[in-house]
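Good morning, and thank you for coming.

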Amino acid sequence: MEECFLEIKDLKKSFGTGEARQDVLRGMDFTVKKGEFCVLLGPSGSGKSTLLNIIGGIDTPDSGYVSINGDKLEEMNESQLTMYRRKHLGYVFQMYNLIPNLNVKENIEVGAYLSDNPLDVEEVISTLGLQDHKYKYPNQLSGGQQQRVSIGRAVVKNPDILMCDEPTGALDYKTSKEILALIEDCNKKFGNTVIMVTHNEAIKNMADHVIKLRDGVVRHNDINENKISAFELEW
Amino acid sequence: MKNPLIKRVPRELKSDWHKYLVIIVFMVVMIGVISGMYVGHDSMLAAVYEGRETLNLEDGHFELSKRASQSLLDDLSVGEMADVRQYYIDKGMKEADKEVAKAIEENLTEEVNNAIEEAVRAQCAAYGITDEEMIKAQVDAAIEENFDEAMKEARESDEFKKAVEEAYDEAHEEVTKTVNEEWDEVADRYSLNVTDFKPVPMTIYEHFYREEAEDYNNDGTEDANIRIYKSDSTIDMASFNEGRAPKLDTEIAIDRMHASNVGVKIGDKITVGGKEFEVVGLLSYANYLTLHEHNTDLMFDSFGFDVAMVTPEAFKRLTSRIHYNYAYQYETKPEDKVEQADYSERFLKALITQSLVHDNEIDDYLPEYLRQATNFAVSDIEGDSAATAILCYILIGVIAFIFAITISNTIDKEASVIGTLRASGYSKSELVVHYMTMPLIVTILGAIIGNVLGYTVFKDIAVNLYYESYSLPSCHAVWSNTAIIKTTVIPLILMFFINLYIIIKKLQLSPLRFLRHDLAKTKRTKARRLPRWSFLRRFRLRILFQNMPNYMVLAFGVIFIELMMCFAFGLPDSLNHYADNATSMMFTEYQYMLMDYRDDDGNVIETKEATAEKFSMKSLLYPKKKSTMRTGMGSGGDESVTVYGIADGSEYIKLGGTAGEGEVYVSSAFAKKFDLKTGDSITLNEEYENKSYSFKVAGEVEYDGSIAVFMPKENFDKAFNKKADEFSGFFSHHEITDIDEQSIATVITAEDITKVTTQLDHSLGGIIDIFKYALVILAAALIYLLAKIIIERNEHSISMVKILGFKNGEIGALYIVPTAIVVTIVAIIGFVAGYYLMLWIFKAFMMQMDGYFAFYLKPVSAVLSVVYLLVGYLFVSAIDYIRIKHIPMDVALKNVE
């Protein structure tokens, strides 16, 4: 793995004013290496989703900066940020947010369209185990299958960073493990850096890098030397 | 790689086909009708303009009291003004010389006779003769013998020569003085004192006509007045829609529209001027596109008036008086209205002066650009195009807003997808393009299908609509650039910008806010407080507030449709009201206008009819502001006002008070048309003289029949310098039989009043009903689209309340009642606004026209115009209820898209 692909420096963010002011991020510092599987762990309100959104360029910090490959996001204007997301990021959300009147293959093509260097759509479908469902519409799929499509839409871009916001939050135990295994596979196979936000402590065991957040600051920043595969996870 | 989002478009069309079908049908009909109107209009106008060239339309005409001499025609062709002053001086000198010579001769004769008599009497006295008879005999004998010699001597005397010279000088001086005085007045009246007069050279054509009684069903009674021209005329020629020009002296060709209205066909026999003719052609004269009998008529009359063509020989055989009408064409065509007006003014000066010096009189003069019969139809067609286009744009605007609301609703629904796409790197412009695709596709589809229908089906409808009203030449479809621009380009632009604005505004939010479904522009910190009503009422009110933008568009659409509804109900109502009240729009059953108040022998015309009452009448002009509405309709000049002098204690016109000198009562039509009130001052002008009369309005006479003012006859005589025994005609309850027909100019009956409404009813009758039903469908379609959006938006809540145990009926009451309330309220508001707008439009239109015609709406029509719309809404409600019933409960439970 290369050194310092993503750098977070003294990141602060608050919402509201006066008495209602709430400091969500209170000076956060860490770095992530390229190809790393990084898990941001913390309870509700610890600022992990806000942090992910700032890294994804869809939210802005009050101070501090995010730098990817040496490019600071705060120096980018709106269209540069759009290009940054387009070329470097893949997003997976807790809710799958698929386009209802496009089928599985087409939903994945929505991601491929954005990339200059997309992966082969059929190959991604096959990796995701969706060959038998590729002409189905989202409302004909189970939650797990929809999340697979959502992952497919993100990884087909061949992004530098795969951002996952509680990807298993709405799924059952078994399906969650399958989805995590899939993300793990993609990380290995396509070499994307993965930043995953979760409140599930067990998931930290499959990560290379575990950052624990609480009250808007980094409490632990650990490299996991003994990571296990997603299927071995238990919770 | 193609943007995969494109694939959504056909699927969206397919899945929501009924919504898009309604919108497309709506647009196809709108665009089709307007395109049809334009193609119809352009084709029609092309045919009319072509006809003006090929059929040699006049630039104007004048009618003289007798046939013009060749020298008059020659002088008029040059266009120069005659030196009227010199003409009068020469004429006056000649007459004065004659008078002076006569006076001198008489004077001299008397003086010579007196001198001889004096000499004889002196001689007799010297001889002592006193017998007077003898003296007279001597005087006569002396005169007989010496008169010539004495006269000769007297004539040769210096004294006489001097006296004669003085008398001639004095007479000439008097003539010049009088002519100069008179000339100054005349010249001032007609602005003839111009130093830099530029003549308008022209070609003049003899275009005589006769007016005869037409009896088209040969039952012995007059059915119409027919104006007959000769078939060899080379000006204002006719095109034949059917048949041919007459070749035999027993053949006639008549106006197509008139023939169609009264049911005369080719081959039929009609009686004209007591002679039978076979109809061999149905024609359209270049100068009679509408059958306006007089240029000041409020409306043309294709039932009671006709124009025809016969052979020159047949024309000779007719017996009514020949109207010495001359048409002219300028050598250089005027380029615009301003130049037309300038040419016609200059020519009028030449005409007035030349006809005077050639001892002729002008009976009529009308430049073509002011002629209703040629311009009314063209102006109406052009005006209709403009009005239809405005209606079309308003409706397309409404559709664009419906689209915008639909899209805005879709964006709300797809907020998380949009958030994800934006987070994944889709740019705002890519999404704007995506959401703009559908409205543009629908508009293009609507425009293509609409235009195809416009060039085929709707064009014929438009053409037929005008063929039913006007005597237009045959036409063939021409390519209309205007149609393409107005029916394709403008709707596309409208649709594009309205949607672009709303979509850009909507997509302005950050991806994060889309992901969080946080789309409200302004955040209310607290929910709107509502009165302590029942839960269900408050629930409904919340629905109303939540869907405010939809209801705003709905209100706009419904108000617009109600405006149209007011027109659709009000026009036939106004026509019927006018026709029903025609008798009350007359002072009495018979109103006789006399040629003169004295008969040929100089005796004042009297009648034994007990109910007859004399009145005096005069026509003056009331200055009218130039209207910005359609030009070409109406006589184009000031309002013609009939001034009545009424007998004291008149049985027919009650003045309702006394009128002092300089005070008049105005007819209610006059008061309404020009907003006159008691105490106002009005100034009326003479048409061809520079004379004005000012009056104070003392009150109003309830009379909508015409623009008129009334005053006691005594005041009338004083104001207009009339003799006490002068009068213009009789009002009478019964027919007057003891006045020579030659002395009667016209008799006004109810039919004269109702001919306007008969014509309008015929022209518009059928189309108005279709228009009403089209409006109901339009209203239903509009409400359907907006109500659908409201229900779709609330699908989740509807599903949820179903789960909670609400029955379909209750849910229907929750979601349908707010729409019903809004529709009803805005329909009523729309109706009231429509009613007042129609009053205003009618009035503005009437300012352009001559005469007065008030807007009237029956109370039942007022109710119906709202009820019709509500009936349309009832159907939509039924569909909405079914839609609510079919919303499944799992919508609220599903987390999937």
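Is the crossing of α10(B) and α13(B) left-handed or right-handed? Before I answer, please note that what you see is a predicted model.

The crossing of these two helices, α10(B) and α13(B), is right-handed. Helix α10 of chain B covers residues 372–413, and its partner α13 covers residues 481–506. Their axes lie 9 Å apart, and the angle between them is about 30 degrees. Angles under 35 degrees count as roughly parallel, and α10(B) and α13(B) are therefore described as roughly parallel to each other. On the α10(B) side, the residues that make the contact include A389(B), Y393(B), I396(B) and G397(B). On the α13(B) side, they include K486(B), I490(B), P491(B) and L494(B). Sorted by class, this contact has 16 nonpolar, 3 polar and 2 charged residues.

Chain B has 897 residues, of which 38% count as buried. Its secondary structure consists of 22 helices and 20 strands. If we take the contacts in chain B with a separation of 6 or more, 85% of them join residues 24 or more positions apart.

Chain A can be described in the same terms. It has 235 residues, and 49% of them count as buried. There are 6 helices and 10 strands in chain A. For its contacts with a separation of 6 or more, the share from residues 24 or more positions apart is 72%.

How do the two chains meet? On one side, 29 residues of chain A are in contact, and on the other, 23 residues of chain B. Three elements of chain A give two or more residues to its side: α2 (78–88), β6 (89–92) and α3 (104–112). Of these, α3(A) gives the most, with 5 residues. The side of chain A that touches chain B divides into 15 nonpolar, 9 polar and 5 charged residues.

Helix α3(A) also has a partner within its own chain. Its axis and that of α4(A), residues 121–128, come within 10 Å and cross at roughly 120 degrees. That angle makes α3(A) oblique to α4(A). The crossing of α3(A) and α4(A) is right-handed. From α3(A), the contact takes K105(A), I108(A), E109(A) and A112(A), while α4(A) supplies V121(A), V124(A) and I125(A). By class, the residues of this contact are 5 nonpolar, no polar and 2 charged.

I turn next to the nonpolar cores. As a general point, nonpolar side chains tend to be buried together in soluble globular proteins. In this model, the largest nonpolar core has 249 residues. Which residues have the most contacts inside it? They are L40(A), V709(B), F710(B) and I783(B). The largest share of this core comes from α10(B), the helix with which we began, and amounts to 17 residues. A second, separate core has 16 residues, including F62(B), L72(B), I235(B) and Y328(B).

L40(A) is worth a look on the display. Leaving aside neighbours within four places in sequence, L40(A) is in contact with several residues, among them K48(A), L51(A), L52(A) and I195(A). Its list of contacts also includes M196(A), V197(A), I211(A) and L213(A).

Is K802(B) buried or exposed? It is buried, because 20 other C-beta atoms lie within 10 Å, and 20 or more is the requirement for that label. Not counting residues up to four places away in sequence, K802(B) touches I811(B) and M889(B). The C-alpha atoms of K802(B) and I884(B) are separated by 10.0 Å, although the two residues are 82 residues apart along the chain.

D10(A), which is not a glycine, has a phi near 45 degrees. It lies in strand β1 of chain A, residues 6–15, and counts as partly exposed, with 13 C-beta neighbours inside 10 Å. D359(B) is likewise not a glycine and has a phi of about 60 degrees. This residue, D359(B), lies in the loop between α9 (337–357) and β11 (362–367) of chain B. D359(B) is exposed, because 11 other C-beta atoms lie within 10 Å, and the limit for an exposed residue is 12 or fewer.

Thank you for your attention.

Technical notes: Residues are numbered from 1 along each chain as its sequence is written. Chains are lettered from A and ligands numbered from 1 in the order in which they are written. This is a predicted model: local features need pLDDT of at least 70, side-chain atom pairs count only at pLDDT 80 or more; totals for chains, interfaces and linings use all residues. Helices (H or I, at least four residues) and strands (E, at least two) are DSSP runs, numbered from the N terminus. Two residues are in contact if their C-beta atoms, placed from the backbone, lie within 7 Å. Ala, Val, Leu, Ile, Met, Phe, Trp, Tyr, Cys and Pro count as nonpolar, Asp, Glu, Lys and Arg as charged, and the others, Gly among them, as polar. Axes are lines fitted to C-alpha atoms, for helices over the stretch in contact, and angles run from 0 to 180 degrees between N-to-C directions. Angles under 35 degrees count as roughly parallel, over 145 as roughly antiparallel, 65 to 115 as roughly perpendicular and the rest as oblique. A crossing is left-handed if the near helix is turned anticlockwise from the far one by less than a right angle, and right-handed if clockwise. A nonpolar core is a set of buried Ala, Val, Leu, Ile, Met, Phe, Trp, Tyr and Cys residues joined through C-beta atoms within 7 Å.
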